[in-house]
Structure formats: structure tokens, C-alpha cells
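Work through the exercises below with the model open. Try each task before reading its solution.

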Amino acid sequence: MGEGMDYKAELVGVFGYPVAENPSVVMQEAGFKALGLNWRYLTVEVYEDDLGDAMKGLRAFNMKGVNLTMPHKVAVLKYLDDVAPDAMIMGAVNTVVRKEKQLVGENTDGKGFLTALTKDGKMDPSGRKVVIFGAGGAARAITVELALAGASRITVVNRTAARGETLVSILNDNTKTDAFFVPWEGAYEIPSDTDIVVNATSIGFFPDISAKPEIDYETVTDRMIVCDVIPNPPHTPFLKEAEKRGAKTLDGQGMVVYQGAIGFTLWTGLDAPVEVMKKALEDTLKGSE
Ligand code: NDP
């Protein structure tokens, strides 16, 4: 080895199953390349029962951290030394950061949404009224961040009552927001004082890309910002309906890019090259259509 040479790459990645179609590697490695970093992002298939061994492997390989996706976001908590307060409220971690020998859990999904909302949507959620469709992992991450950022009212509209009620309890027990559950029966009418509307269901996701949430779209107005979590294809029928009524819209690709950029910064300590990462993600998703 030549004097001063360092051939060792720093390792991060994603553990999940299924994971083959997760595009994060393209976005993160474009970011590393742009900053001249010798880092690798590995897409690793880890079955449900093997997470404990995989986390030991992460420690043994001195990896800098990892993303977690299905089915590990909740199960990973027991392998961590510390968990960030927002991720603790959500009960879910999508990013692990190694700090020396400690593994710290974070959740960047909701933070990615919040960044898209404030930066691209120019909307500060403080004092705002929110309607969110869905009560799964994405809805939980988004509503916890909106509540911590000062949203005054959050209405959770969900098909399955138990799931919606659980989310509302989590919000009311841990934050200052006023959260309400509304069962989703027929076309939902959005209250006219709503500021932020979010589709956090999987309706519109590939392959059923013509599907849209059952809403009375006449109740969407131009005072609202309407957001979708569906990353692919991003220009969903839900967003198209909102655009027709003059609402400002935000798509799910922005959320993916920003959650990745936040993870990049947590791991490397550097500002993420957001535009480079965004373009890499867009190019690869276009190629997969
Ligand atoms: P979950 O399975 O945890 O939750 C799915 C939610 O969608 C539930 O509330 C479910 O309702 C609802 N839902 C699904 N189908 C229907 C339907 N036909 N009618 C009414 N409600 C329905 O999934 P996630 O929360 O993890 O993910 C949701 C979406 O968010 C996915 O498409 C995912 O790709 C996307 N996502 C995007 C991210 C981004 O960065 N852009 C990050 C994370 C996720 P019920 O409780 O009644 O079953």
C-alpha cells in the first residue's frame, strides 16, 4: 500500500425484504460520488428472522449506519443503544447511525416530508390544520413530525378504525396537537378551514396507478396544499384532481429525496448534494417505468 493511501470504504446501506426494487442506492451513491467520498451503499436482503444477526454484522463491519425498510422498522428498536425522541413516539426507525460504538435510531420519513413542505411548499405547519388519509407507517411518521412542528389540528381519516384510533391516541398522548379520528365512509368532504391535505395511503402506487382516494374533490380549494406520499409514479390522479382546483401540490418523490438527504447528512456529517440526488432518483425511476 502506497504511503498515505486508504483503500477502505465506509459502508452504509439498507436492510429489508423485499428490497431489490429499493432505489436508495442510486440516490446515495450519486451523492457520495458528487462529494468524492469513498462510501458504498449496499442493498442487503435481510429476512425477518435474521435482523438480529444482520445488526451484529453491521457492528462487526464497522458500518456507519443503515436504512431499515419492510419488515424491520419496528423490530430494529431492540437492537439499538438509543432512539431519537420523534422515532420513539412513532415506535419506528428507518435510519440507524453509528456513533463510535453506539447505534442510534432515527426516523427520517416524516422529516423528509416536513422538509418538502417547508422548502418546496413554503408552508410552515405551525398553527395549521391538517387532514391525512391513512394511518400506517407513513402517516404515523408524517403526523408525528407535523404535530411536533406545531400543527394545531390533525384529522386522521382511515378505513380501519382501530389503526386510525391508535394513531390519534399516540398524537394526543405525546404532542400538543388536537388529533381526531374520522372513519372513512364514502367520499370524504374536506373541511374548508384545512391548510394541509396528505394522502398517506398506498392508493395510487404502481401497478394500480389510476386509483385515487375516495374524496369529494369539489371540497379541495386553492387555500390548501395537497401532498402525496406515492413516489412512483409521482404525478398521481389525486394530485391532478387537486391541481384542477387550484391547490398547490407536493409529490412523494420530494419526500424520498429529502429523507435520503437527511440520512446522508446524519451518516457523513456533510451537507447533502440534494439536486444531484434528486436527479439520480428521477432518472432511475423513469428508467424503471
Ligand atoms: P402501511 O401498509 O403501513 O399503511 C397503508 C395505509 O393505506 C393504511 O392506512 C391503509 O388503510 C391504507 N390503504 C391501503 N389501501 C387502501 C384502500 N384501498 N382504501 C383505503 N385505504 C387504504 O403502508 P405505509 O404507511 O408504510 O406506506 C403507505 C404508502 O406510503 C406506500 O405507497 C409507500 O410507498 C409510501 N411511502 C412513501 C414514502 C416517501 O418517502 N415518499 C415513505 C414511506 C412510505 P387500513 O389501515 O384500513 O388498511
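**Exercise 1: the ligand site**

A polar side-chain atom of T160 sits 2.5 Å from an oxygen atom of the ligand. This is a predicted model, in which local features need pLDDT of at least 70, side-chain atom pairs count only at pLDDT 80 or more, and totals for chains, interfaces and linings use all residues. Residues are numbered from 1 along each chain as its sequence is written, and side-chain values use heavy atoms, with hydrogens and water left out.

Task: Find which residues surround the ligand, and which elements give two or more residues to the shell.

Solution. 
- Step 1. Start from polar contacts (pairs of N or O atoms within 3.5 Å). N158 has a polar side-chain atom 2.8 Å from a ligand oxygen. For R163, an N or O atom of the side chain is 3.0 Å from an oxygen atom of the ligand.
- Step 2. Check the cover. The ligand on its own has 930 Å² of accessible area (Shrake-Rupley method, 1.4 Å probe), and the protein covers 74% of that.
- Step 3. Assign elements (DSSP runs numbered from the N terminus: helices are H or I, at least four residues; strands are E, at least two). Those giving two or more residues to the shell are α5 and α8 (252-268). The largest share, three residues, comes from α8.
- Step 4. List the shell, taking a residue as near if one of its heavy atoms lies within 4 Å. It holds 22 residues, and the closest are A135, A138, N158, T160 and V229.

**Exercise 2: backbone exceptions**

Task: Which peptide bonds are cis, and which residues other than glycine have a positive phi?

Solution. 
- Step 1. Recall the background. Most residues other than glycine have a negative phi, and most peptide bonds are trans.
- Step 2. Read omega. From F206 to P207 the bond is cis, with omega near 10 degrees. P207 is in the loop between β10 (196-199) and β11 (225-228). N232 and P233 are also joined by a cis bond, omega about -5 degrees. P233 is in the loop between β11 and α7 (237-244).
- Step 3. Read phi. N62 has a positive value of about 55 degrees, and K122 has one near 50 degrees.
- Step 4. N62 lies in the loop between α2 (51-60) and β3 (65-68). At 46% relative accessibility, N62 is partly exposed. K122 is in the loop between α4 (109-120) and β7 (129-133). At 66%, K122 counts as exposed.

Key: Polar contact = N/O pair within 3.5 Å; in protein donor to acceptor, adjacent residues only side chain to side chain. Buried < 20%, exposed > 50% of the residue type's maximum accessible area, 1.4 Å probe, protein only.
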